[in-house]
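Look through the structure first, then read on.

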Amino acid sequence: MSHLHFLLPGAVVLGLSGCGQEPDVPPKPVDLEVAAQTWNTTDKQWGEAELRQLVEGERLYRKRCAGCHLSSGEGQMTLGAPALRNSAVVKGPAGGLMTTVLFGRGTMPAFRTSMKDADLALILSYVRNAWGNQQDDLIAAADVAAARGAGK
Ligand code: HEC
């Protein structure tokens, strides 16, 4: 009976790690110095509130999008998920980007029912500036609300 005692914890760990879902990592306190080093460029110095939005956007991106597009933004050809790094859609007019993510495209799921305007705004602000995309602007929740209202 004693060996069972040692096997059970391993079985529990396997069960949890095998469920295939992205872990829901809770927000950590933002280290503004690290965030500034990460995000500021010679062309753009972000404010404190903006840095917090980019950090939270990265956290939400990893949770909701990286499963297909990878945390590097390189995408996964096997899933048909294109790179978001240097993507014309991501770097193009915000309207097209918001419509793609709200209403889906091809096999890409729509996020309009599963995500709030504010959270989508954070994710889209992140992808427009991550991996050298560097659009130097943020998308506001009100912009996402307007795109949602305008429809596909
Ligand atoms: C289940 C996999 C999956 C998830 C999760 C996913 N995508 Fe996609 N995404 C795709 C696929 C597949 C396409 C290509 C759609 C097509 O054109 O057929 C795509 C296309 C895109 C495009 C268009 C890129 C281009 O250059 O054409 C953007 C932008 C995008 N996704 C952003 C996101 C964002 C932001 C999230 C998270 C909120 C996300 N995706 C989550 C699979 C996914």
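## A loop residue to start with

Tryptophan 131 is found in the loop between α7 and α8. Its phi is near 55°, a positive value in a residue other than glycine. Most residues other than glycine have a negative phi, and most peptide bonds are trans. Tryptophan 131 is partly exposed, with a relative accessible area of 21%. Here buried means under 20% relative accessible area, exposed over 50%, and partly exposed in between, using a 1.4 Å probe and protein chains only.

Asparagine 86 also has a positive phi, of about 60°, although it is not a glycine. Asparagine 86 sits in the loop between α4 and α5. With a relative accessible area of 53%, asparagine 86 is exposed.

## How to read the model

This is a predicted model: local features need pLDDT of at least 70, side-chain atom pairs count only at pLDDT 80 or more, and totals for chains, interfaces and linings use all residues. Residues are numbered from 1 along each chain as its sequence is written, and side-chain values use heavy atoms, with hydrogens and water left out.

## The overall fold

How many helices and strands are in the protein chain? There are 8 helices and 0 strands. Read along the sequence, the pattern is α-α-α-α-α-α-α-α. Helices (H or I, at least four residues) and strands (E, at least two) are DSSP runs, numbered from the N terminus.

The protein chain has 152 residues, and 29% of them count as buried. Now take contacts, meaning heavy atoms within 4.5 Å. Among contacts between residues at least 6 apart in sequence, 55% join residues at least 24 apart.

## Around the ligand

The shell around the ligand has 23 residues, and Cys65, Cys68, His69, Ser87 and Met108 come nearest. A residue is near a molecule or strand if one of its heavy atoms lies within 4 Å of it. The shell divides into 15 nonpolar, 6 polar and 2 charged residues. Ala, Val, Leu, Ile, Met, Phe, Trp, Tyr, Cys and Pro count as nonpolar; Asp, Glu, Lys and Arg count as charged; the others, Gly among them, are polar. Four helices each supply at least two shell residues: α4 (66-69), α5 (88-91), α6 (94-103) and α7 (117-129). Helix α6 gives the most, with 3 residues.

The side chain of histidine 69 has an N or O atom 2.8 Å from a nitrogen atom of the ligand. A polar contact is a pair of N or O atoms within 3.5 Å; within protein, one must be able to donate a hydrogen and the other to accept it, and residues adjacent in sequence count only if both atoms are side-chain atoms.

## Threonine 100

Threonine 100 lies in helix α6. Is threonine 100 buried or exposed? At 15% relative accessibility, threonine 100 counts as buried. A polar atom of its side chain lies 2.8 Å from the backbone oxygen of glycine 96.

Leaving aside residues up to four places away in sequence, threonine 100 touches Val89, Arg105 and Met108. Threonine 100 and phenylalanine 111 are 11 residues apart in sequence, and their C-alpha atoms are 9.1 Å apart in space.

## Aromatic pairs

A pair of aromatic rings is described by the distance of the centres and the angle of the planes. Rings of Phe, Tyr and Trp (its six-membered ring) pair if their centres lie within 6.5 Å; planes under 30 degrees apart count as stacked, over 60 as edge-to-face and the rest as tilted. The structure holds 4 aromatic pairs. One of them joins tryptophan 39 and tyrosine 126, edge-to-face, at 5.8 Å centre to centre and 75° between the planes. Tryptophan 39 lies in helix α2 (residues 32-39) and tyrosine 126 in helix α7, so this pair ties together parts 87 residues apart in sequence. Both tryptophan 39 and tyrosine 126 are buried.

The rings of tyrosine 61 and tryptophan 131 have centres 5.3 Å apart and planes at 65°, so this pair is edge-to-face. Tyrosine 61 is in helix α3 (residues 48-64) and tryptophan 131 in the loop between α7 and α8 (141-150), 70 residues apart. Tyrosine 61 is buried, with a relative accessible area of 0%. Trp39, Tyr61, Tyr126 and Trp131 form one aromatic cluster.
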